[in-house]
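Please look at the sequence and the model before reading the notes below.

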Amino acid sequence: MKLEFKVQGMDFTRGGEAAAKIKKALQLVGMEIETIRRAVIVAYEAELNIVIHARHGNLVAHIHPNRVEIEAVDEGPGIPDIPLALQEGYSTAPPHIREMGFGAGMGLPNIQRCSDELHIDSEVDSGTTLKAIIINRNRGE
């Protein structure tokens with residue numbers, strides 16, 4: 001199953017809608033609760049990164065019986081230093097975004113923590129592609 005969502009930069013009123021729809025789909029197909037939790041965190045953080053940092057982008061969830069793949073592709077400023085951006089607390093969000101309660105520098109670290117695999121490709125002044133894989137493990141695995 002493939003779910004695809006267009007995400008508009010700075011649209012905080014709709015930020016999180018795609019992640020909520022992905023959650024419902026994962027529940028309907030019977031994914032493990034822990035898989036759903038991790039996938040929704042990845043989807044939400046990736047979606048909000050597009051809202052906060054990019055002009056626009058797409059969020060895609062590929063749902064397989066044994067895994068969920070979340071892909072976020074945006075047109076934005078890009079990430080000049082990916083290892084630095086993966087450090088907790090590092091943020092390039094401007095002050096007005098932080099005043100709204102966003103941009104604390106936990107988005108990419110949360111995505112990394114909740115993913116079994118994470119790949120980030122970015123080009124400065126062009127955009128970023130993020131692909132996260134979350135394995136659907138049975139309880140006790």
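Which residues does threonine 35 touch, not counting residues up to four places away in sequence? In this predicted model, threonine 35 touches Val68, Ile134, Ile135, Asn136 and Arg137. The points below treat this residue, the pairing of strands and an aromatic pair.

**Threonine 35**
- Helix H2, which covers residues 33-53, contains threonine 35.
- Threonine 35 has a relative accessible area of 1%, and it is buried because this value is under 20%.

**Strand pairing**
- Strand S2 (residues 56-64) pairs with strand S3 (residues 67-75) in the antiparallel sense, over nine bridges.
- With two residues between them, S2 and S3 form a hairpin.
- Within this pairing, valine 73 in S3 has asparagine 58 opposite.
- S3 is also joined to strand S5 (residues 127-135) by nine bridges, and these strands run antiparallel.
- Valine 68 stands opposite isoleucine 134 in S5; both residues are among those that threonine 35 touches.

**The aromatic pair**
- The count of aromatic pairs comes to one.
- The ring centres of phenylalanine 12 and phenylalanine 102 are 4.9 Å apart and the planes stand at 35 degrees, so the pair is tilted.
- Phenylalanine 12 belongs to the loop between strand S1 (2-8) and helix H1 (17-28), and phenylalanine 102 to the loop between helix H4 (95-99) and helix H5 (107-114), so the pair ties together parts that are 90 residues apart in sequence.
- Phenylalanine 102 counts as partly exposed because its relative accessibility is 25%.

Definitions and conventions:
Residues numbered from 1 in each chain as written. Predicted model: local features only at pLDDT ≥ 70, side-chain atom pairs only at ≥ 80, totals over all residues. Heavy atoms only, no water. Phe/Tyr/Trp six-rings, centres within 6.5 Å; stacked < 30°, edge-to-face > 60°. Helix = DSSP H or I, 4+ residues; strand = E, 2+ residues; numbered from the N terminus. Buried < 20%, exposed > 50% of the residue type's maximum accessible area, 1.4 Å probe, protein only. Contact = heavy atoms within 4.5 Å. Pairing = 2+ DSSP bridges.
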